[in-house]
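Open the structure in your viewer and keep the selection tool at hand.

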Amino acid sequence: MKLAFISDIHGNANAFEAVLEDIEQKRADKIFVLGDLCFRGPEPQRAYDLVQSLQTDVIKGNADEWVYRGVGMGEVPEAAYEIMNKERDWVVSQMGQNAVEALHRLPEEVKYEYGGIKIHGFHATPYSLFENVLPDSGNSKLKEKLMQEEADIYLYGHIHTPYIRTFGGKTVVNLGSVGLPFDGVPKASYAIVEIGENGFQVSIVRVTYDVGKTIKQFKNSDYPNKEKLIDILTRAKND
């Protein structure tokens with residue numbers, strides 16, 4: 001069984017299409033989407049439509065909730081609060097109301113089991129859409145924040161920085177980001193879990209796509225804060 005886990009598309013439909021093509025080439029049996037579908041990209045509705053076309057398990061991320069109700073005070077740095085709400089308003093203006101409301105109704109976790117291997121997927125942590133659990137966190141913090149329920153593999157998104165760590169017989173995976181990576185590699189990122197008769201293996205996949213096309217879409221749009229997003233796409237850094 002080959003499972004693909006993707007997250008943090010962020011309205012970058014070009015990157016998403018490249019990832020879906022790669023997943024098809026790898027002949028994955030099932031796809032899971034772990035949130036942040038539309039916000040902060042030039043094609044929020046098309047990204048949403050592509051997710052819908054998969055007819056698969058999709059859960060909510062913090063940015064999906066933001067699309068529905070706006071960015072809350074204290075959820076981002078104070079200096080970013082006003083401009084990120086302007087970005088949110090732009091995204092909503094590009095989407096149908098039904099899609100916006102559907103984002104709010106998404107579940108917040110997914111559980112899956114195959115061949116005796118239990119998988120728990122969520123956006124940030126099992127109990128928060130917003131908390132950052134970074135790659136340099138100690139094993140004790142990963143256990144406290146992510147391993148709240150019994151599983152063999154824990155997968156999440158949110159931090160846009162892919163990694164895999166195994167300890168205590170458990171495996172933790174961050175998928176990175178399809179549409180807005182922060183790890184200095186301007187390529188889409190997702191994870192593959194392969195479960196066989198004798199165990200499983202996990203890998204991070206990086207996919208090249210036409211970043212320049214997405215940048216051009218921003219340049220030709222009236223997206224608020226587009227210079228910031230162009231910089232993040234160019235450098236794959238958010239600093």
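What volume does the largest pocket have? The volume of the largest pocket is about 560 Å³. Before selecting anything, note that this is a predicted model, in which local features need pLDDT of at least 70 and side-chain atom pairs count only at pLDDT 80 or more, while totals for chains, interfaces and linings use all residues. Residues are numbered from 1 along each chain as its sequence is written, and side-chain values use heavy atoms, with hydrogens and water left out.

**Stop 1: the pocket.** Select Arg40, Trp66, Met84, Phe182 and Asn238: of the 24 residues that line the largest pocket, these are the closest to its centre. Next select α3 (62-69) and α4 (78-93), the elements that each give two or more residues to the lining.

**Stop 2: two helices.** Select α7 (residues 211-219) and α8 (residues 226-235), which pack at an angle of about 175 degrees with their axes 10 Å apart. Therefore α7 is roughly antiparallel to α8 (the term covers angles over 145 degrees). Show side chains: Val211, Thr214, Ile215, Phe218 and Lys219 in α7 are in contact (heavy atoms within 4.5 Å) with Lys226, Leu229, Ile230, Leu233 and Thr234 in α8.

**Stop 3: a loop proline.** Go to Pro135, in the loop between β5 (117-122) and α6 (139-146).

Methods
On a 1 Å grid over the protein atoms alone, a cavity is a set of points where a 1.4 Å probe fits but cannot get out, and a pocket is an open set with protein on both sides within 12 Å along at least five of seven lines; lining residues have an atom within 4 Å of a point. Grid points are joined across faces, edges and corners, and a volume is the space filled by probe spheres set on the points. Helices (H or I, at least four residues) and strands (E, at least two) are DSSP runs, numbered from the N terminus. Axes are lines fitted to C-alpha atoms, for helices over the stretch in contact, and angles run from 0 to 180 degrees between N-to-C directions. Angles under 35 degrees count as roughly parallel, over 145 as roughly antiparallel, 65 to 115 as roughly perpendicular and the rest as oblique.
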